[in-house]
Amino acid sequence: MAFKVFEKSSAPLAKVPTVTIQKRGLISLNRSAHALIGSADAVEFLFDADRQVVGLRPVPEESPNAYPVRAQTSKNSSGPLLIAGTAFTKYHQIDTTEARRWVPTVEDGILCIDLNAESQRVVSNRERARLASEEH
């Protein structure tokens, strides 16, 4: 038999807050993570270089450093939320060669992603299909 392990990262639990830094720096939050920062309409990026921690702090949309938090699709009110983080990840040289998912924490109202903490590699459906075809 050719059993394959079902990778938990393939279907994250919606109740567990998660933040994913996707390839090229797009940042996605599930609804549970978004709720941890009051379902903010915009955030500003923070970075603690010594600890290698990314922070997302809720700010008003008109704030000069605000990045809007938007739904992946306008039709889906339960799916992930996206933040354009490419310039941020490039500036701080955060590795985005593969998508990774973390369980965030909250410090003083800031959603924190510890880049040194355990994370899961995230594989898209297209990538999963490509890898499966290469195995055969």
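This note goes through a predicted model of one protein chain, point by point.

1. Overall make-up. The protein chain contains three helices and 11 strands. Read from the N terminus, its elements follow the order β-β-α-β-β-β-β-β-α-β-β-β-β-α. The chain has 136 residues, and 35% of them count as buried. Among contacts with a separation of 6 or more, 56% join residues 24 or more positions apart.

2. The open sheet. Five strands form an open sheet in the order E5-E3-E4-E10-E9, and the pairing is antiparallel. Which strands stand at the edges? They are strand E5 (67–68) and strand E9 (105–107); each has a single partner strand, so one side of each is left without a neighbour in the sheet. The antiparallel pairing of E3 with E5 runs over two bridges. Pro68 in E5 is the bridge partner of Ala42.

3. In soluble globular proteins, nonpolar side chains tend to be buried together. Here the largest nonpolar core has 20 residues, and those touching the most other members are Leu29, Leu56 and Ile83. Two or more residues of this core come from each of E1, E2, E3, strand E4 (53–58), strand E7 (81–83) and strand E10 (110–114).

4. Leu29 and its contacts. If neighbours within four places in sequence are left aside, Leu29 is in contact with Thr18, Val19, His34, Ile37, Leu56, Pro80, Leu81, Ile83 and Leu111. Two of these, Leu56 and Ile83, are named with Leu29 as the core residues that touch the most other members.

5. Thr18. Thr18 is placed in the segment before E1. Is Thr18 buried or exposed? Its relative accessibility is 9%, and buried means under 20%, so Thr18 counts as buried. Not counting residues up to four places away in sequence, Thr18 touches Ser28, Leu29, Asn30, Ala33, Arg101, Trp102 and Pro104.

6. Aromatic pairs. A pair of aromatic rings is described by the distance of the centres and the angle of the planes. The model has three aromatic pairs. In one of them, Phe45 and Phe88, the ring centres are 4.6 Å apart and the planes are at 15°; this pair is stacked, because planes under 30 degrees apart count as stacked. Phe45 belongs to strand E3 (residues 42–48) and Phe88 to helix H2 (residues 86–91), so the pair ties together parts that are 43 residues apart in sequence. Both residues are buried: Phe45 has a relative accessible area of 14%, and Phe88 has a relative accessibility of 9%. Ring pairs join Phe45, Phe47, Tyr67 and Phe88 into a cluster.

7. Salt bridges. There are five salt bridges in the model. Asp48, Arg51 and Glu107 are linked in a network. Arg51 lies in the loop between E3 and E4, and Glu107 lies in strand E9, so their pair ties together parts that are 56 residues apart in sequence. The three residues are partly exposed, with 40% relative accessibility for Arg51, 28% for Asp48 and 34% for Glu107.

8. Another salt bridge. The side chains of Glu98 and Arg100 also meet in a salt bridge, at 2.5 Å from N to O. Glu98 is partly exposed at 27% relative accessible area, and Arg100 is partly exposed at 23%.

9. Backbone points to check. Most residues other than glycine have a negative phi. Which residues have a positive phi although they are not glycine? Arg24 is one of them, with a phi of about 70°. Arg24 is in the loop between strand E1 (19–21) and strand E2 (27–29). With a relative accessible area of 63%, Arg24 is exposed. Ser39 also has a positive phi, of about 50°. The place of Ser39 is the loop between helix H1 (31–36) and E3. Ser39 counts as partly exposed, at 40% relative accessibility.

Definitions and conventions: Residues are numbered from 1 along each chain as its sequence is written. This is a predicted model: local features need pLDDT of at least 70, side-chain atom pairs count only at pLDDT 80 or more; totals for chains, interfaces and linings use all residues. Side-chain values use heavy atoms; hydrogens and water are left out. Rings of Phe, Tyr and Trp (its six-membered ring) pair if their centres lie within 6.5 Å; planes under 30 degrees apart count as stacked, over 60 as edge-to-face and the rest as tilted. Helices (H or I, at least four residues) and strands (E, at least two) are DSSP runs, numbered from the N terminus. Buried means under 20% relative accessible area, exposed over 50%, partly exposed in between (1.4 Å probe, protein chains only). Contact means heavy atoms within 4.5 Å. A nonpolar core is a set of buried Ala, Val, Leu, Ile, Met, Phe, Trp, Tyr and Cys residues joined through side-chain atoms within 4.5 Å. Two strands pair if DSSP finds at least two bridges between them. A salt bridge is a side-chain nitrogen of Lys or Arg within 4 Å of a carboxyl oxygen of Asp or Glu.
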